[in-house]
Amino acid sequence: MMTVANRRQRDRRIKEVAVEMERRSGLDRRLIVESATAQIHAVLELLTQLADQGALRDDSRRLLDTSMLRLRYALERIELE
């Protein structure tokens, strides 16, 4: 007797595909982290300029401050690696 579970198991198509793995060296990983760090620094500079202009409403200013705090936290964690 063919049950739904048996039929599903039989109908599954399993296809093995060879995938070439890209291995990164320690230097490559450090360069990526440094690149991310530089990008976060640039974003923080832009956000600081925006905040200093004073053209934001209070709720937008709070969201911006929270975003900057989160970016600084992420940056600190990246720099520790």
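## How H2 meets H3

Helices H2 and H3 cross with a left-handed sense, meaning the near helix is turned anticlockwise from the far one by less than a right angle. This is a predicted model, where local features need pLDDT of at least 70, side-chain atom pairs count only at pLDDT 80 or more, and totals for chains, interfaces and linings use all residues. Numbering starts from 1 along each chain as its sequence is written, and side-chain values use heavy atoms, with hydrogens and water left out.

The axes of H2 (residues 26-53) and H3 (residues 58-80) come within 10 Å and cross at roughly 160 degrees; they are lines fitted to C-alpha atoms over the stretch in contact, with angles running from 0 to 180 degrees between N-to-C directions. The pair is therefore roughly antiparallel (angles over 145 degrees).

## Who touches whom

Contact here means heavy atoms within 4.5 Å. On the H2 side the residues include Val33, Ile40, Leu44 and Leu47, while H3 brings in Leu64, Met68, Leu71 and Leu75, among others. By class, the contact has 13 nonpolar, three polar and four charged residues.

## The whole chain

Overall it's an α-α-α pattern: three helices and zero strands, with helices taken as DSSP runs (H or I, at least four residues) and strands likewise (E, at least two). Buried residues (under 20% relative accessible area, 1.4 Å probe, protein chains only) make up 11% of the 81 in the chain.

Mean pLDDT (the predictor's confidence in each residue, from 0 to 100) is 77 for the chain, and 74% of the residues score at least 70.

Methods
Angles under 35 degrees count as roughly parallel, over 145 as roughly antiparallel, 65 to 115 as roughly perpendicular and the rest as oblique. Ala, Val, Leu, Ile, Met, Phe, Trp, Tyr, Cys and Pro count as nonpolar, Asp, Glu, Lys and Arg as charged, and the others, Gly among them, as polar. Buried means under 20% relative accessible area, exposed over 50%, partly exposed in between (1.4 Å probe, protein chains only).
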